[in-house]
Amino acid sequence: MNNSPPIEIAPQSLRLFHQSLFKTLVYFFLLILVLAGVYKAFPLVMDALFFIVIAAILTAVFNPIVDRLESSGIKRIYSTLMVFGGIFGIVGLGIVKGIPALLIEIGKIRDVIQQNAAADSLDAIMKSINLKIATVVPGFQLDSEMISSLSAQFFGQLGSILAGALDTVATIIFILIITMFFLVDGTRMTKKLIGMVPNRYFEMSLNISYKTKKQLTNFLKGQLLAALGVAIQSIVGLNLLNWLFDANISGVMLIGSIAGLANMIPFVGPFMGMIPAIIVSLFNNLGDPVAATHFYFIVHIIVMFLIVQMIDNNIISPIVVSGSMDMHPLTVILLILVGSKIGVLGMFLAVPAWGISKVIIQEVYQGLKGHHLI
Amino acid sequence: MKENPKVSYPLYESFKDKLKPKRSQAQMVLSKVNVFSRLSWQEIKIIENAIHIRNYAPGEPIFKQGDPGSGMYIIIEGSVGIFLDIPNQSPKQLSKLGNGDFFGEIALLDESPRTAAATSLENSTIIGFYRPDLMIILRTKPALGAKVLLALSEVLAVRLRSTNDELVKITRHLESLEGSEDHE
């Protein structure tokens, strides 16, 4: 039997062991605290990141204008203030002119629905609509009660929608303030950030940052110009429909703007732009039994938007959109589905965000390859 | 002839020192580089806001041969070796540059690969002035950008002329060698 004496640990080693154990425990405790903090602060961090990303995109849009003003000898801060003055002026004018017009429009639609429901003339129109629906979707039938309850729900929620709008306005103002700082001090901020990169990757990071910014600006400029083109064409087209065929479409400016913005989403966007025009014309023509029976105005609207799309796809987009999104329809549908988890804004931003990410990934890959790092 | 004794005015001297504009080390170095030497101090200050000051350890590469060119470097302090990589041999040192010297200026104009490598030979502080910085200056301060480009093209023209002279000398030398061979 081995009666070896018990191992004696020197008091100094024991003290060191206790010290290291204490240190490990402290580090572990701190780690848990940090993780808990991150978990708790995660939504806040995500919010801040969202604001920063949107502000960075807006900076890429407005930077060429500020640069142009600065190149004419105006100080950068004043150039930025001039651009923001212009933006606030346009937005302010839109609010002052647009909101009362929109409220009048909503009021008109509500009156038409209520009048028609009261006069039972809606039932006659419903019959003709249902006859047409039955040929496409058998079993699905609309009735005046359904329309009335839907409209009551919509007008009931109008208050909460307006409250949400106020919240959105606050967010927009916050994002614009960040954008203003980015525009005035963006170059210095980027310089400070890139200054932290180690020497080995410095040149590459600087190049990637510059090229990505340039590509992003070109991409957004192209997208916005194409959107503007579609908006103008839609406004002209809808006005022509009103003038030539008495289509009775109101809120043309608003519908055209929606069509232009929706056009930034490939494949699905053009249809999204068409829907408000059809809905508005349907409501406006409810009182006209002839129009409501034949629905020829819907065909006119669809044809008009198809012509706008043809002009956009074959003439405008090839000229103004430098970096085409070049996406598979399935990718677009998946992106919109993923974006819908965040809401309408998510649906709208998912495709352009993917396009921007693609540009960044391409530039980083080419930069790494050029410097023989991959 | 008796010389007038030098009169000093302590109050004036003190004000003179205080009123003297303070120039940073980077501004002083930039003002001595051909590309920026004709710029006013105000313009040099704008260039100073665009440049990047980097510190390199001894033996640390600044760029490697074959890397895409991004810009020029100006040595504030320290020394840099320019090396040519030769296959199956150790790199050959072409030159050693010191305080105030600059290199890599052609990369401000095109992105073609670096024809040699630059390595810091001691602890060096170096100014980096890159194409993106020049592009931003050209976009926001076109007059200043044009001045820099003009000075840069002058530097390149001088270098091209001296290369041409060297080429003429070499051609003549070769012709004389061929002539002497024919005589023999």
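What pattern does chain B follow when read along the sequence? Some notes on that and on the rest of the model follow.

1. Ground rules. This is a predicted model, in which local features need pLDDT of at least 70 and side-chain atom pairs count only at pLDDT 80 or more, while totals for chains, interfaces and linings use all residues. Residues are numbered from 1 along each chain as its sequence is written, with chains lettered from A and ligands numbered from 1 in the order in which they are written.

2. Chain B overall. The pattern is α-α-α-β-β-β-β-β-β-β-β-α-α, that is, five helices and eight strands (DSSP runs numbered from the N terminus: H or I of at least four residues for helices, E of at least two for strands). Of its 184 residues, 24% count as buried (20 or more other C-beta atoms within 10 Å of a residue's own, with C-beta atoms placed from the backbone).

3. The sheet in chain B. Four strands make an open, antiparallel sheet in the order S1-S8-S3-S6 (strands pair if DSSP finds at least two bridges between them). Its edges are S1 (52-56) and S6 (102-103), each pairing on one side only. Two bridges join S3(B) to S6(B), and B:Ile74 has B:Phe102 as its bridge partner in S6(B).

4. The main core. The largest nonpolar core has 33 residues, and B:Tyr73 and B:Ile74 have the most contacts inside it (a core is a set of buried Ala, Val, Leu, Ile, Met, Phe, Trp, Tyr and Cys residues joined through C-beta atoms within 7 Å). Elements supplying at least two residues each include H6 of chain A as well as S3 (71-77) and S8 (124-130) of chain B. Beyond four places in sequence, the contacts of B:Tyr73 include B:Ile62, B:Phe103 and B:Ile126 (contact: C-beta atoms, placed from the backbone, within 7 Å).

5. A separate core. A second core, of 26 residues, includes A:Val230, A:Ala259, A:Ile301 and A:Val308.

6. The interface. Here 14 residues of chain A are in contact with 15 of chain B. On the chain A side, H6(A) gives the largest share, six residues. That side divides into three nonpolar, seven polar and four charged residues (Ala, Val, Leu, Ile, Met, Phe, Trp, Tyr, Cys and Pro are nonpolar, Asp, Glu, Lys and Arg charged, and the others, Gly among them, polar).

7. Helix H6(A). Why do its ends agree with expectation? At 1.5 Å a residue, its 47 residues should span 69 Å, and the end C-alpha atoms are 68 Å apart (expected span: 1.5 Å times one less than the number of residues). A:Asp246 follows H6(A), with a positive phi near 55°.

Notes: Two residues are in contact if their C-beta atoms, placed from the backbone, lie within 7 Å. A residue is buried if 20 or more other C-beta atoms lie within 10 Å of its own, exposed if 12 or fewer, and partly exposed in between; C-beta atoms are placed from the backbone.
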